Amino acid sequence: MRFMLTFRFPNEKGNELARDGNMGQTIQSILEEIKPEAAYFADMEGARGGYLVINMDDASQIPAIAEPLFLGLDATVQIHPVMTAEDLERATPAIDQAAQRYG
């Protein structure tokens, strides 16, 4: 199942990693461990952060994905299930059924 993981890490930690030259290496190491389908980096609420598209088969995989971000970047992490256009198309009958029943 596909998920969108967002992470944000404090400016203090980011500045520390930038000043000692370890930010790129730390982020690259985390990405190699997590193996996201896609990775995007941006500002988040005035701090450094990013978006990772990941695949998980089981909730027990969450710690293996989140802990490197928690420990390596002091990050806050949010994980949300997401759908592709094809997933949404397959879900349309259920949406229609719910609309008829509850709409």
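Reader: Which residues of H1 are buried?
Author: The model discussed here is predicted. Helix H1 spans residues 11-19 and packs on the sheet, where it touches strand E1 (2-9) and E3. The buried residues of this helix pack against E1, H2, E3 and H3. The residues in question are Lys13, Gly14 and Leu17.

Reader: Why do the buried residues lie on the same side of H1?
Author: The buried set of H1 consists of Lys13, Gly14 and Leu17. They share one side of H1 because the arc they cover around the axis is only 100°.

Reader: Which exposed residues does the face of H1 turned away from its buried side carry?
Author: The buried side of H1 is formed by Lys13, Gly14 and Leu17. On the face turned away from that side, the exposed residues are Glu12 and Arg19.

Reader: Is Lys13 buried or exposed, and what is its relative accessible area?
Author: Lys13 lies in helix H1. Leaving aside neighbours within four places in sequence, Lys13 is in contact with Gly72, Leu73 and Asp74. Buried means under 20% relative accessible area. Lys13 therefore counts as buried, its relative accessible area being 15%.

Reader: What is the order of the strands in the open sheet?
Author: E1 and E3 run antiparallel and are joined by 8 bridges. E2 (residues 38-44) and E3 (residues 47-55) also run antiparallel, with 7 bridges between them. The open sheet has 4 strands with antiparallel pairing, in the order E2-E3-E1-E4.

Reader: Which are the edge strands of this sheet?
Author: The strand order in the open sheet is E2-E3-E1-E4. An edge strand here pairs on one side only, and this applies to E2 and strand E4 (76-81).

Reader: Which residue in E3 is the bridge partner of Phe9?
Author: E3 is also joined to E1, by 8 bridges, and these two strands run antiparallel. In E3, Phe9 is partnered by Arg48.

Reader: Which residue takes a positive phi in the hairpin of E2 and E3?
Author: The hairpin has 2 residues between its strands. Most residues other than glycine have a negative phi.

Reader: What is the phi of Lys35?
Author: Lys35 is found in the loop between H2 and E2. At 63% relative accessibility, Lys35 counts as exposed. Although Lys35 is not a glycine, its phi is positive, at about 55°.

Reader: How are H2 and H3 oriented to each other, roughly parallel or roughly antiparallel?
Author: Helix H2 (residues 23-34) packs with helix H3 (residues 62-73) at an angle of about 170°, and the axes are 9 Å apart. Angles over 145 degrees count as roughly antiparallel. H2 and H3 are therefore roughly antiparallel.

Reader: How do the residues of the contact of H2 with H3 divide into nonpolar, polar and charged?
Author: From H2, the contact involves Thr26, Ile27, Ile30, Glu33 and Ile34. These meet Ala64, Ile65, Pro68, Leu69, Gly72 and Leu73 in H3. The division is 8 nonpolar, 2 polar and 1 charged.

Reader: At what angle to E3 does H2 run?
Author: H1 makes about 90° with the direction of E3. H2 lies across E1, E2 and E3, and its angle to E3 is about 20°.

Reader: What distance separates the C-alpha atoms of Thr84 and Ser29?
Author: Thr84 is placed in the loop between E4 and helix H4 (85-102). At 24% relative accessibility, Thr84 counts as partly exposed. Thr84 and Ser29 are 55 residues apart along the chain, and their C-alpha atoms are separated by 27 Å.

Conventions:
Residues numbered from 1 in each chain as written. Predicted model: local features only at pLDDT ≥ 70, side-chain atom pairs only at ≥ 80, totals over all residues. Heavy atoms only, no water. Axes fitted to C-alpha atoms, helices over the stretch in contact; angles between N-to-C directions. Parallel < 35°, antiparallel > 145°, perpendicular 65-115°, else oblique. Contact = heavy atoms within 4.5 Å. Nonpolar A, V, L, I, M, F, W, Y, C, P; charged D, E, K, R; others polar. Pairing = 2+ DSSP bridges. Buried < 20%, exposed > 50% of the residue type's maximum accessible area, 1.4 Å probe, protein only. Arc of directions from axis to C-beta.
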